[in-house]
Amino acid sequence: MAKTPTPADEEQGLGEAGAQLSTAPVESPEGGPPGSVPSMGVIGWARWFWRQLTSMRVALILLFLLSLAAIPGSLVPQTSVDAVKVEDWQKAHPTVTPIYEKLQLFHVYSSVWFSAIYILLFISLIGCIVPRTWQFVGQLRGRPPGAPRRLTRLPAYTTWRTEAAPEEVLAAARKVLRGKRFRTEAADGSVAAEKGYLREAGNLLFHISLIVMLVAFATGQLFKAEGSKLIVEGDGFSNTMSQYDDFRPGTLFDQNNLQPFSFDLNGFDSSYERTGPERGTPRVFRAHVTYYDGTDGKPRETTIEVNKPLETGGSKVYLQGHGYAPVVTVRDGQGNIAYKGAVASLPVDGQNLTESTILKVPDYRDKDGEPDQIGFQGNFVPTLDLKTGTMMSQFPALDSPALVLTAYHGSLGMDSGLAQSVYKLDTTKMTQFKDKDGKPYAELLRVGQTMKLPNGAGSLTFDSIKTWATFQVSHQPGNGTALAGAVGALLGLAGSLFIQRRRVWVRAAADEHGRTVVELGGLGRSESAKLPEELGDLALALQPHAMPVPEEPEPGLDPSDPADPADPSEGARA
Amino acid sequence: MNIAAAANENLAHTSNVLIYSAMAVYTLAFLAHIAEWVFGSRSAVGRTAAALTAEQPARQSVTVQVAQKGGTGTAVLERPKVVTRAVAGARDVPDGPGAAGGSEKGDMYGRIAVSLTVLASVIHFGGVLTRALSVERAPWGNMYEFSTTFGMVAVAVYLGLLLAKKNIRWLGLPLVTTILLDLGLAVSVLYTSSDQLVPALHSYWLWIHVSCAIISGASLYVGAVSSLFYRFRDGLEVRQAAGKAGRDVLATKLRNTPAGDRWTRLGVRVQMGWDGALERLPASATLDKFAYRVNATVFPLWTFTIIAGSIWAEAAWGRYWGWDPKETWSFITWVAYAAYLHARATAGWKGRKAAYLGLIAFACYLFNYYGVNIFITGKHSYAGV
Ligand code: HEM
């Protein structure tokens, strides 16, 4: 039901009265409108295309396509979610990978085809909202349309006769309707009233809020900045680009937007389930930090937990992961300390924190005092149980920590100019130390123990263990706007779905016996049990001003069987 | 093990016993519902339901006596009769008489079934509550707990609608069947012994987000069953309109089928039973409208569920939307329901097409729960299977 009456309205003989009860665009009932294909030139086609795009049917199809198009992204690993997983997947499926890459299946939500669908949808949405808003404003300015010729044709209808004069009845009806917050309009012999405009307003608010959310989301993606940093207990971080381990700015992010702040990791608590089937699953992760807001802010103590980020300097600092860092002292062949400190080790199995330990010592002299470079490679195991026959950790806590290392010497390849990961040892230009039997040399160390490299090449002492934690620092503008959009959408939806737009007409006319016939008719956007109920209430409120007089049954007006008092529940069921 | 832990273990054990007991009572309710439908199929009213269909007048009127205070003092005003008129072009078929089909015995069994469902739901609630007490947190930390709570809420929605005097008794049998499947799956495949939450789930957003998700899902379930039955009932009404259904038509067909053609005869008999059951359902228009009301009412809640989830994700992971599989499927479900609502507002898409969209949308909800938890790993890895 829209500007032009639909066939159903015509059939009911409602004409103008049924029009404009909503601002939804008119649809041709079945299939496309083949007759409306234009025969004119470019402008005609453009107009035709635009009308198609902004029709409800196309909106529906685009919505359906959008949900279909979102599916592959949940089945194929996504670069934006987990880049490592994508690489693993690509290695495991070499044949389909090129095809998938062509189809942009590793970044579905920024792919051309996904973008095309939602951009079309939002163009359609804007193309739909603008005319609907104008139409709605027009409806607000206009008055409720006049009564249809025959009120009996309306979905809800009631009538009675009274001794009161028609003008009195109509004046009273206006008052009653106004009291119930209807907008009323008096005409000759009738009153028109309408209520529930908030439904349309809600619907428009909802669709506009969708646009607000999309804009907020896009802003967030373009201007955001996200970086992560691994910090060993006792160390700190200050918010400059060079300090990040990796930094992922949005396309339009400006470096100068990085607000100054810093924090130190003082300690880290972790505990794990000890018994039961969920043994080893984490229970508590808590980082104790001291932070400084601004360049020379006062130190403040706080904790960061998984659901409790630190908010400072327009950014949020999230706790992401943690692990262990064995603290070692390396002495070279001359007995000089070549390295002393913590070696952050990265987990290789997620559950029990078996970690890969890599240490590169570039400034080193062998036993003859010649410059050399040394690389250590091995595993840190928080809970080693040799009885299990495996070197993998059996539990994520430090129950029985051990460090297992082997060593290489030669060129670390660090001066090749290429950036190198500190977590990977390139052994192509290095020689592994061999023991007396010529087998690769390796040692298992407990805290306090020392490994002596063969041929007096130096030593490594396992001093102690520290914990490290990784933090993600996010600067994401547009969150507030997105939230406002979400709240607007929710309010709009509630208005749109829970409020009924309906019209009521009251007619009063004198009959041939000098009495007044009062007629009430109601029309809603959908058949609803509430409309007849409301009409009944209105009639009841009107009757004290238009006392009904008993009347002889008149066959034409009331077709319900007078011998059978109708079951009240029937009306409520409709 | 300390005393508190032992007490918790006892509670967890009690919870399991209660869930099994609830399943036993639901099974009895299931049998009672079967009896209701069987007796209904033999009842005379049930048999003549098709005949009634054709003659009901299109207009219904309501007369209510209302005492009016004030006004003219002691006068009693008659609430005026409001005549309602169906939209032109709509099929004017009245609702069926219900599962019991007017048979007294069937109705008795139906009442027994509802009473048993009430009893089972109380035990079920006890099971969920003791589970929550044993872990000292919200009872939805893994799929087992989610499933048991989900079933409980679905029953609560149904009983609530019954209490509100909605025409919903037809839902009894499918609902109890679903609950038995749901609980059966929970205790056998999804069972996880009671335990604490991983740190990522420690948040009051858990309460808000997950409880809304469960209530939405349980209500959407009711809407989906309604859409499904609408589809069946609509099929019947179309066949009736084409003169291809109804006891007489089928009986004639049976008479004209040679005795040797066993399969055709069996087919006709099955058709008779099926049509007989469908005749007792509410009219297709009623079911369709009910499905729409449920889905439209729940849609804002589902929207809120997703918003609450995003706020939580922002607090936990630093981004409110990251296309994690669970988020993606929530989005897909949401868009599918939006498509359903649009379809209802678009000429040419009402009726069956909209119903199919509604069913697809609910399938998305289910996949988001079972499929994503089991087949896809994401950040929401609390599945615990
Ligand atoms: C971004 C995608 C969209 C979503 C998620 C969406 C969602 C919704 C929802 C949930 C409703 C139901 C509210 C109600 O029944 O009153 C609705 C109604 C409506 N939508 Fe959309 N919509 C979208 C795009 C569009 C577009 C592109 C158009 C225009 C072509 C449109 C036009 C309408 C209209 C006219 C109604 C009101 C129907 C009525 O009055 O019954 N929507 N929309």
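Helices (H or I, at least four residues) and strands (E, at least two) are DSSP runs, numbered from the N terminus. In chain B, the order of elements from the N terminus is α-α-β-β-β-α-α-α-α-α-α-α-α-α, with eleven helices and three strands. This is a predicted model, in which local features need pLDDT of at least 70, side-chain atom pairs count only at pLDDT 80 or more, and totals for chains, interfaces and linings use all residues. Residues are numbered from 1 along each chain as its sequence is written.

**Confidence**
- The model has an ipTM of 0.85 and a pTM of 0.82.
- The mean pLDDT (the predictor's confidence in each residue, from 0 to 100) of chain B is 82, and 81% of the residues score at least 70.
- Where pLDDT is low, the predicted coordinates should not be read in detail.

**Packing of chain B**
- Of the 385 residues in chain B, 55% are buried (under 20% relative accessible area, with a 1.4 Å probe and protein chains only).
- Among contacts in chain B with a separation of 6 or more, 81% join residues 24 or more positions apart.

**Annotated segments of chain A**
- An unreviewed UniProt entry lists "transmembrane region" for residues 58-76, 112-134, 204-223 and 480-499 of chain A; such annotations may be inferred rather than shown by experiment.
- Residues 58-76 of chain A are 89% helix and 0% strand, with end C-alpha atoms 28 Å apart.
- Residues 480-499 of chain A are 95% helix and 0% strand, with end C-alpha atoms 28 Å apart.

Notes
Chains lettered and ligands numbered in written order. Heavy atoms only, no water. Buried < 20%, exposed > 50% of the residue type's maximum accessible area, 1.4 Å probe, protein only. Contact = heavy atoms within 4.5 Å.
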